[in-house]
Amino acid sequence: MPGYGPFLLCDFHIHTRWSDGQLTLRDVCDLYGQTGHFDVIAITDHILMERDLLAQAGRLLTLGGRHFSLTAAAFPEYLAEIEAEAARAMERYGLLVLPGAEITQNHLRSKKNSHIIALGVREYISADQSADAILREIRRQEAVSIACHPHHRTRMRLEISTCYLWEHRKELAELVDVWEAANRDDLFSVTSLKHYPYIANSDFHKPRHLYSWKTLLRAGKTWTSIRDALRSNVDVGLMLYRGAAWNAAAAPLTVEAAS
Ligand code: ZN
Ligand code: ZN
């Protein structure tokens, strides 16, 4: 199977069972690794606000069985598991697995919502602060900030629009390292009107999300090289990744046992 050299095939936005994803961290690494195509992925589980109403509703629906959010207390364990799985994924698949978190603000009926990925995060970042403060903390940690689905607008009752960063781009653009121009099946064409740095991600929550928008990046397969390439945003491609089964709704993807 051909790769995409000299470009790296990357997905910087993936959820696992540490928040609201369907698969364990190991299963995610095996799923991407077993394609034989991917070079870099980032695990970016949600950090929610203390009083996130959607998470509270979700906990009720699942009778408290799921959490949906990383906590400050569990954060070191989360990073340690990513590090351990990253070592295994590199050895088995040559897959670089990066730590991240999606700092998620879901105010109902508010224009202040933003979802911001901290890529290369080292310490817990609270979602209970302004977008400006979150972006400054990401920079302090020398991580990369990704403005997630910045033009997502919805009128569905229990879905959240996340346009705050885009609507305040003039003030905040200095602090945003890259903007998600494409997320899963959506292409945010309005972003093409501005000269900002862009990438594309799957926002993976379940196996069929593997087939979605991705980023091609010309960089070395190390965190610092990828960080520099994301910020300079030279030699970047937005790519719609599809395997033979991309539209086979009747044939769900499974991870082969790889213990
Ligand atoms: Zn999000
Ligand atoms: Zn997400």
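A salt bridge is a side-chain nitrogen of Lys or Arg within 4 Å of a carboxyl oxygen of Asp or Glu. Arg136 and Asp132 form one, at 2.8 Å from N to O. Both residues lie in helix 4 (residues 131-140), four residues apart, about one turn of the helix. Helices (H or I, at least four residues) and strands (E, at least two) are DSSP runs, numbered from the N terminus.

Arg136 has 49% relative accessibility, so Arg136 counts as partly exposed. Asp132 is partly exposed too, at 29%.

## About the model

This is a predicted model, where local features need pLDDT of at least 70, side-chain atom pairs count only at pLDDT 80 or more, and totals for chains, interfaces and linings use all residues. Residues are numbered from 1 along each chain as its sequence is written, chains are lettered from A and ligands numbered from 1 in the order in which they are written, and side-chain values use heavy atoms, leaving out hydrogens and water.

The whole structure holds twelve salt bridges. One of them joins Arg26 and Glu85, at 3.1 Å from N to O. This pair links distant parts of the chain: Arg26 sits in helix 1 (residues 25-35) and Glu85 in helix 3 (residues 75-93), 59 residues apart. Arg26 is partly exposed at 36%. Glu85 is buried at 9%.

Asp177 pairs with Arg139, with the closest N and O atoms 2.8 Å apart. Here Asp177 lies in the loop between helix 6 (169-172) and strand 6 (178-183), while Arg139 is in helix 4, 38 residues apart. Asp177 is buried at 7%. Arg139 is partly exposed at 34%.

## The zinc site

Which residues hold the zinc ion (ligand 1) as protein donors? They are Glu102 (OE), His115 (ND1) and His149 (NE2), lying 2.1 to 2.2 Å from the ion. Donors are N, O and S atoms within 2.8 Å of the metal (3.2 Å for Na, K and Ca); water is not among the atoms, so sites may look incomplete. Along the chain, the donors follow the spacing E-x12-H-x33-H.

His115 lies in strand 4 (residues 115-119) and His149 in the loop between strand 5 (144-147) and helix 5 (164-167), so the pair ties together parts 34 residues apart in sequence. Both histidines, His115 and His149, are buried. Glu102 bridges two zinc ions, ligand 1 and ligand 2, which lie 3.5 Å apart.

Methods. Buried < 20%, exposed > 50% of the residue type's maximum accessible area, 1.4 Å probe, protein only.
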